[in-house]
Every structure is written in C-alpha cells, then in structure tokens.
Amino acid sequence: MSADATAATPVDAAPPSAPGRAGRDLPVAIVVGLGLGALVLGTLYTVKVAFLGVILAAILVGLWELCRALQVKNVYAPFIPLAVGTVALLVLAYTDGREAMTVAALLTALAVVVWRLAEGAHGMLPDIAAGLMALVYVPFLAGFASLMLAPHDGHRRITAFIATVVASDVGGYAFGATLGRHLMAPRISPKKSWEGLVGSTLACAICGAVIFAALLHVMWWKGAVYSLATVCTATLDDLGESMVKRDLGIKDMGRVLPGHGGLMDRLDSLLPTAPVAWLLLTAFVPVH
C-alpha cells in the first residue's frame, strides 16, 4: 500500500434525499450549481490568477477523489507526486505554454514511477498504471484550460468552454427527464437517452453560436461546429466515467458537492472537452 494513500474504503453513495428523476436533490443541486457559477465568473472576470487557483483547487480535489475511488479495487495511485506534478503542470501551462506543460507531465510520470518503485514490488504495476491514468485524465487534460486562460482574451475563451459544456449537460437533462424513452447505453448508464443527446446537441449548438458571435466576434457557424465537438467529447466521457463507477461499484466519486456528488462528477464532461476546446478555439479565434 502506498504510504501517501488515503484509507482504502469504498466511496459512499450519496445519502437518501428527495431526488428528481435523475436521482438528485434538484433544488440543492441548483443552489450549489449557481454558487459554483458565481465563484467561476467572479474570479474569471476580475483576477485571472485567482481563477487559476480555483482550477488548481478543483483539480486537486478531483484527483484525490479518483485516487480514493480506485482503492475500492485495492489499487493505490501515488497521490503525493501526482499532486505536486499537478501544481507544476497547471502553473507552467499558464505561464510558459504547452511545451512546458508537456515537460511537466513527463516529469510527473517519472516521479510517479520512481515513488512507487521505492515502496516495493507487491502491486507495483497496477499502482503505476493507475497513477499514469490519473495523471493523463485529470491534470494533463486540465492543463488545456490553463492554456485557454493564458491569452489576453482568456476569460472569453474559458467562458465559451464552460458555457457550452454546461449547456450540453442542462439540455441533456431537460430533454432526458421529460422526453427520454430510448436508452442510449442501458448497460453503462441507465439514465442516458437518445432524446437527452438531442437536447444536449440543440442547447450546446445554440449556446456556442451565440457566444462565438457575441463574445468572441467570429462567425456563428464556427460556434455551432465547436459545439458539436463539445457534445461528442462530453457525452463519450460521461459514458466512460459511468463505466468506471460501475466497475468500482460506486454511485459518485465523492460527496463534496451536495446534490452533485464529487468534483470529479462535475469535471467528467469538462476534462476531455478541454483539449478539443483549446484546439478549435485556437483555430477559429487566433490569438493576436
């Protein structure tokens, strides 16, 4: 067992409440969501470095939740080198760009391997594999958010990134809860429906077109194309995390956010979308 690992206990399911059709306490979820939105916008449009701190804190908590959840399968990803590497990776991505971010990721991977080798051979390979998976899935993907934040119009790029993902989630929930009849992947996620996917696509496309035209001052159709990519990545990763949680036998990654679960349960759509968002925003809205 890794010396830095937290106690190997299963992640508890959220306590019973007055759930909606999606199994959540909807009023509480809305209040928490609005609070998170206020925190994001308040820091993003005042002091960008403060927003970077919000990103960093969220990623560290999400990383801890993931490492803790993996312990259900007696797999112990080395959290300490991952946490140190996360700080370096996100800060360097913001200050020095993608090359520095890549170097930080490679050095963190090396640190994960060396840290785990020092603890003995028993269970070494699964622990190292879990550590490298956690590194790529959480801080490395989050590094692209730091890259988007860095330019002079970074606050607008981040707004487009987050708003379209939120629109995809909200549209999918609204259509799925009211019209959902045909399940998309019942063995993976019993609540995801094709109707929900239609809602995600429509809401995300409208949001992207409006934001690209009004906020980023480019053609609306670029926002629609960007939004289609957002829906694809957000949906695929949502299904992917559902598979992980089913394999681990847990409902949520944590209980930090009432009505939502853990931070990883909110980051699951944002993380895989970040590199796609960075790439398309760089192509459609060049940095001057």
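Helices (H or I, at least four residues) and strands (E, at least two) are DSSP runs, numbered from the N terminus. This is a predicted model: local features need pLDDT of at least 70, side-chain atom pairs count only at pLDDT 80 or more, and totals for chains, interfaces and linings use all residues. Residues are numbered from 1 along each chain as its sequence is written, and side-chain values use heavy atoms, leaving out hydrogens and water.

**View 1. Aspartate 169 sits in helix H6.** Helix H6 covers residues 154-179. Aspartate 169 has a relative accessible area of 34%, so it is partly exposed (buried means under 20% relative accessible area, exposed over 50%, partly exposed in between; 1.4 Å probe, protein chains only). Leucine 197 is 28 residues from aspartate 169 in sequence. In space, C-alpha to C-alpha, the two are 9.4 Å apart.

**View 2. Aspartate 237 is a buried residue of helix H8.** Helix H8 spans residues 220-248. The relative accessibility of aspartate 237 is 14%, which means that it counts as buried. Contact here means heavy atoms within 4.5 Å. Neighbours within four places in sequence aside, aspartate 237 is in contact with Tyr137, Asp268, Ser269 and Pro272.

**View 3. Helices H5 and H10 pack with their axes 8 Å apart.** H5 comprises residues 124-149 and H10 residues 270-284. Their angle is about 30 degrees. Axes are lines fitted to C-alpha atoms, for helices over the stretch in contact, and angles run from 0 to 180 degrees between N-to-C directions. The two helices are therefore roughly parallel to each other (angles under 35 degrees; over 145 is roughly antiparallel, 65 to 115 roughly perpendicular and the rest oblique). The crossing of H5 and H10 is left-handed: the near helix is turned anticlockwise from the far one by less than a right angle, whereas clockwise would be right-handed.

**View 4. Side by side: the residues where H5 meets H10.** H5 contributes Tyr137, Val138, Leu141, Ala142, Phe144, Ala145, Leu147 and Met148. From H10 come Leu271, Pro272, Ala274, Pro275, Ala277, Trp278 and Leu281. By class, this contact has 15 nonpolar, no polar and no charged residues (Ala, Val, Leu, Ile, Met, Phe, Trp, Tyr, Cys and Pro count as nonpolar, Asp, Glu, Lys and Arg as charged, and the others, Gly among them, as polar).

View 5. Along the sequence, the pattern is α-α-α-α-α-α-β-β-α-α-α-α. Of the 288 residues, 49% are buried.
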